[in-house]
Amino acid sequence: MKFIIERDLLLKNLKYINSIVSSNNNLLNDINSISIIITNKNYIILKCNNNEIEININIKLLNNNFKNKYKINISYKKIYNICKNIDKKSKITFLIKKNYLLINNKNTIFYILIYKNIYKSIFKNNNNINNIISLSINKNSLINIINKTYFSTINSDIKNYINYMLFEIIKNKIFFTSTDGYRLSNYNFEIINNNYNISLLIPKKTINEINKFLLYINDDIINICICNKYIYIKTDYIIFKFLVYKNLFPNYINIINEKREFILDINKDKLLESIYKIISISDDKNPILRLIINKKNTILKLINSKNEVSIGLIKSYINYDFNNYEIGINPVYLINILERIDNKFIKIYFSNKYSSIKIEDIKDINNINIIMPIKI
C-alpha cells in the first residue's frame, strides 16, 4: 500500500501543528504521536490533539493506491525531522509494510515504527452531540475581535476565570470579554438569524491557537458550529475543534453600564506617543502614570523611585471645568488598549479617583475597555 505526497506541502502542515502536538502531555510513554488517515481518495487526513484542541487537515496526494481507509499512528518528531531534511520541491513516497512506515526519497529510505493505540481523540465521546448553533463569520473580523480583547487575560491559579475568555451569543450579537481583575475588554458584533443564547468559556491557550489557525488559513469566510461541550471551525481542508467550559465569569455588565459623570475627549495617537516618552524614565515594575486633567489640557506625569520626574502635555476637552484633577493609571494597561484602537480619537469616562475608567473608540462603540485606577 503506497501513497506519494509533495514534501513542501506536508512540511508546511507539520510545522503548523507543532505547538498542538508539543503541548500534549497526556500521551503514553511521552511519545508525541500524530495520526495519519489514508483515504481511498486523493488525500490523507493529518490528525493531532492536545488536552483541549484537535485538528484534522486534509492534504492532497499525488498518487494513492489504497482501496480502503487505513489509519496509522507515528512519531511526530521523526516524520517532521525527516521532511525538514529532505530536498525542497521533492516528492516523498510512503509505503506501509507490517509494523513500519517506509519513507522513500531519492536514495534514502527510513523505516518508522507504527504505534498502536497511542492517539486518542478528546472528542470521541462527543461525536453524537447535536449542534446548537451554526454560523458563518468573516475571518478578518474574528481576528480583529480577538486582538481587541485577548490581551486582558492572564495566567492565574487563584482566579480561574481570568485564564479564559468569555464567548457569548445573545440574540443577534456575539460578545467576547476578558479580564484580569484590574482591567476588562469587551467587543461585540451583530449576526443574523439567531434564535439562541449561549455563554461559554474558552481557555487562553486555545484562543492563541485559534488566532494562529485563522492566520494560517486562506478562507475569507469560516463556518463555526457550536455545541454544548465544544466548538469546531471548518474550512475546505481543515477542521479545528476545541473544548469549551461552563461560564463561571463574573457579572461584568454592571461595571460597563456604570454611570460616569465626566467625559474626556483626547487624541489617541498623541496620548500614546506621550505615554511612551513619559515612561522612559520608569524604573518600577508597576509604574503609576498620573493624568492631571483640566478644562483644555491633560498633563501626563511620572515619578520614579529616585524622584526623577517626566511631564508631558496634550490638548484635550472635558465636559467639566476641572482644575488639575488627578487620576493614577497603570501605563502598560493603557498602552495595551490604545494600541488596539483603530481610530484617532477616544473618549475616557470616569467619576472619581477610585471608580472604574471606561475607554471607548469614538467611531467603534462596540469596543469597550475598562481600567481600575491606582491610588496615588
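Author: This is a predicted model, in which local features need pLDDT of at least 70 and side-chain atom pairs count only at pLDDT 80 or more, while totals for chains, interfaces and linings use all residues. Residues are numbered from 1 along each chain as its sequence is written, and side-chain values use heavy atoms, with hydrogens and water left out.

Helix α5 covers residues 204-216, and its 13 residues reach 19 Å from first C-alpha to last, close to the 18 Å expected at 1.5 Å a residue. Helices (H or I, at least four residues) and strands (E, at least two) are DSSP runs numbered from the N terminus, and the expected span is 1.5 Å times one less than the number of residues. Among the buried residues of α5 are Ile207, Ile210, Phe213 and Leu214, where buried means under 20% relative accessible area, exposed over 50%, and partly exposed in between, with a 1.4 Å probe and protein chains only.

The part to examine is strand β25, residues 357-361, of which 5 of 5 residues are buried. In a regular strand the side chains alternate between the two faces of the sheet. In β25, Ile357, Ile359 and Asp361 point one way, whereas Lys358 and Glu360 point the other way, and all are buried.

Strand β25 has a pairing with β24, residues 345-350, which is antiparallel over 4 bridges; two strands pair if DSSP finds at least two bridges between them. Within this pairing Ile359 is the bridge partner of Ile348, and a hairpin of 6 residues joins β24 to β25. With β26, residues 364-371, strand β25 also runs antiparallel, here through 5 bridges. Ile368 of β26 is the bridge partner of Glu360, and the hairpin from β25 to β26 passes through 2 residues.

Elsewhere, Arg183 lies over the face of Tyr333, at 4.0 Å from its ring centre.

Key:
A charge sits over a ring if NZ of Lys or CZ of Arg is within 6 Å of the ring centre and within 35 degrees of the ring normal.
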